[in-house]
Amino acid sequence: MQAGDTPEFGPNSDPNEYKRWELTQAIRGYIPPRFRAEIHIPQEVIAWAKAGRGAGGIYLTGPVGTGKTHLGFAALAEWCRITETVPRPARYDTWDTIRFGPTVHTVRATALLDQLRPGSNDARQVVEDCQGACLLFIDDIGAEKPSEWTQEKLYEVVDERYARCLPLIVTSNLPPRSLAEHVGERTASRLAEMCTLVPLTGPDRRRPQ
Ligand SMILES: Nc1ncnc2c1ncn2[C@@H]1O[C@H](COP(=O)(O)OP(=O)(O)OP(=O)(O)O)[C@@H](O)[C@H]1O
Ligand SMILES: [Mg+2]
């Protein structure tokens, strides 16, 4: 059966099979097409995912094109499979009265901080979604232009997740020692404690060798 085909479910089907299929479809739909191909997942990333809801963070770092974002999504998919978390965006209940935040939230650091600039109407909501998601994936931290404001907002997100021991995936071109200059000492210190460091090496995979 091809990925994406709907299996036939009959009266004798395993009742959990449909649930598993639905989860696989939801994970696949969540991941951008470029990053859906299966890749090798390093042991420390598997170990991180296996910790499930109790997982800390992983910090995927390396030069341009070494596969950080792709591995970030592969880690996210593995974690969702293990915890049986359906990656859902924020949604309202049937009466539009209660808002549920996203279960899994992926943000590019640059876009995130754009949404958090002074004057933005939904900045509070954006911060809360990042703080409260079961899993947060921040892609390309340190690529944003640092300012006191962006550092403070990022700190609000990271500090809350740090306090609540919530799982986090971070990718960055910056090695951890250079991170403080970009995100501030307090955020860098928390990330250092929360995250297993996963260095990626090798050539830029986008360029034929
Ligand atoms: N382990 C892998 N095996 C095969 N292809 C891979 C692997 N990891 C990544 N790729 C592919 O290599 C390309 C670059 O990957 P990716 O965008 O994840 O790199 P990156 O490290 O995030 O780059 P940047 O620093 O520019 O953000 C993509 O086409 C991706 O699908
Ligand atoms: Mg990337």
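Start with Gly67: one of its backbone N or O atoms lies 3.0 Å from an oxygen atom of ligand 1. That is a polar contact, meaning a pair of N or O atoms within 3.5 Å; within protein, one must be able to donate a hydrogen and the other to accept it, and residues adjacent in sequence count only if both atoms are side-chain atoms. Thr69 reaches an oxygen atom of ligand 1 with a polar side-chain atom, at 2.9 Å. For Asn173, again through a polar side-chain atom, the distance to an oxygen atom of the ligand is 3.1 Å. Ligand 1 on its own exposes 630 Å², and the protein buries 78% of that (Shrake-Rupley areas, 1.4 Å probe).

This is a predicted model: local features need pLDDT of at least 70, side-chain atom pairs count only at pLDDT 80 or more, and totals for chains, interfaces and linings use all residues. Residues are numbered from 1 along each chain as its sequence is written, chains are lettered from A and ligands numbered from 1 in the order written, and side-chain values use heavy atoms, with hydrogens and water left out.

Now the surroundings. Ligand 1 has 13 residues around it, and the closest are Gly67, Lys68, Thr69, His70 and Arg206 (near means a heavy atom within 4 Å). That shell has three nonpolar, six polar and four charged residues, with Gly counted as polar.

Where does ligand 1 sit? In the largest pocket, by the test that more than half of its atoms lie within 2 Å of the grid points. A pocket here is an open set of points on a 1 Å grid over the protein atoms alone, where a 1.4 Å probe fits, with protein on both sides within 12 Å along at least five of seven lines; lining residues have an atom within 4 Å of a point. The largest pocket holds about 520 Å³ of space. Of its 21 lining residues, Thr66, Gly67, Lys68, His70 and Arg205 lie nearest the centre. Helix H3, residues 68-83, gives the largest share of that lining, four residues (helices are DSSP runs of H or I, at least four residues).

The second largest pocket has about 370 Å³. H3 again gives the largest share of the lining, here five residues.

Definitions and conventions: Grid points are joined across faces, edges and corners, and a volume is the space filled by probe spheres set on the points. Helices (H or I, at least four residues) and strands (E, at least two) are DSSP runs, numbered from the N terminus.
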